[in-house]
Amino acid sequence: MAKSGKRIPISDAKSIGNKNGYNQVIILAWDSETGKTSVCTWGKSLVDCDQAAQGGNRIKKEILRWPEELCNDRPLRVKRSINKKTKHTVQCSFCKDDMVVEKQNPNEGSSIYFCNNCRPEAQKFIETFNELDEKLK
Ligand SMILES: [Zn+2]
């Protein structure tokens with residue numbers, strides 16, 4: 001096989017992981033003739049994917065001394081999931097009416113929601129509560 005020093009495809013890392021029972025794979029390839037290096041990472045789940053990429057970034061930065069701008073890879077899959085907000089049905093904490101909010105995952109952020117009708121009332125309630133809390137300190 002001619003030396004191409006091409007970028008190692010993620011599918012290769014994936015097949016190594018699946019074949020040998022690992023959920024994270026980092027491949028570091030080096031060719032002594034050309035001096036070329038290649039780092040390829042794969043992770044089964046989104047978290048694995050992100051962790052493997054971070055490991056790959058550390059190898060590039062700390063071992064291979066690649067330029068900084070090449071050491072901040074974040075898998076597209078991970079980037080997409082970070083920016084993606086989906087609709088979730090939650091209950092207004094006051095009137096218990098269902099309402100729809102957009103957030104990244106169902107467990108994200110506060111678990112207290114107020115619908116538009118209850119928000120002004122809720123705001124007053126929270127202020128009173130905070131004042132009370134302040135007094136009790
Ligand atoms: Zn409400």
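**Note on the predicted model**

1. Read from the N terminus, the protein chain has the element order α-β-β-α-α-β-β-α. That comes to four helices and four strands. The coordinates are those of a predicted model.

2. The protein chain is more spread out than a compact globule, because its radius of gyration is 24 Å, well over the 14 Å that the globule rule gives for 137 residues. The C-alpha trace spans about 75 × 30 × 25 Å along its principal axes.

3. Of the 137 residues of the protein chain, 10% count as buried. Among contacts with a separation of 6 or more, 35% are between residues 24 or more positions apart.

4. The chain is divided in two: domain 1 covers 10-81 and domain 2 covers 85-136. Taken over C-alpha atoms, the centres of domain 1 and domain 2 are separated by 41 Å.

5. One helix pair deserves a separate point. Two packed helices are described by the angle between their axes and the distance between the axes. For α2 and α3 the angle is about 120 degrees and the axes are 9 Å apart. Roughly perpendicular ends at 115 degrees and roughly antiparallel begins over 145, and α2 and α3 are therefore oblique to each other. The crossing of α2 and α3 is left-handed.

6. Which residues bring α2 and α3 together? On the α2 side they are L46, C49 and D50; on the α3 side they are R77, V78 and S81.

7. Most residues other than glycine have a negative phi. R65, which is not a glycine, has a positive phi, near 55 degrees. R65 sits in the loop that runs between α2 (46-63) and α3 (76-83), the helices of the oblique pair. Is R65 buried or exposed? With 9 other C-beta atoms within 10 Å, R65 is exposed, since the exposed class takes 12 or fewer.

8. K96 is another non-glycine residue with a positive phi, here about 65 degrees. The loop that holds K96 lies between β3 (86-91) and β4 (98-103). K96 is exposed, because 9 other C-beta atoms lie within 10 Å and the limit for exposed is 12 or fewer.

Conventions
Residues are numbered from 1 along each chain as its sequence is written. This is a predicted model: local features need pLDDT of at least 70, side-chain atom pairs count only at pLDDT 80 or more; totals for chains, interfaces and linings use all residues. Helices (H or I, at least four residues) and strands (E, at least two) are DSSP runs, numbered from the N terminus. The radius of gyration is taken over C-alpha atoms; the globule rule is 2.2 Å times the number of residues to the power 0.38. A residue is buried if 20 or more other C-beta atoms lie within 10 Å of its own, exposed if 12 or fewer, and partly exposed in between; C-beta atoms are placed from the backbone. Two residues are in contact if their C-beta atoms, placed from the backbone, lie within 7 Å. Domain bounds come from an automatic or database domain assignment. Axes are lines fitted to C-alpha atoms, for helices over the stretch in contact, and angles run from 0 to 180 degrees between N-to-C directions. Angles under 35 degrees count as roughly parallel, over 145 as roughly antiparallel, 65 to 115 as roughly perpendicular and the rest as oblique. A crossing is left-handed if the near helix is turned anticlockwise from the far one by less than a right angle, and right-handed if clockwise.
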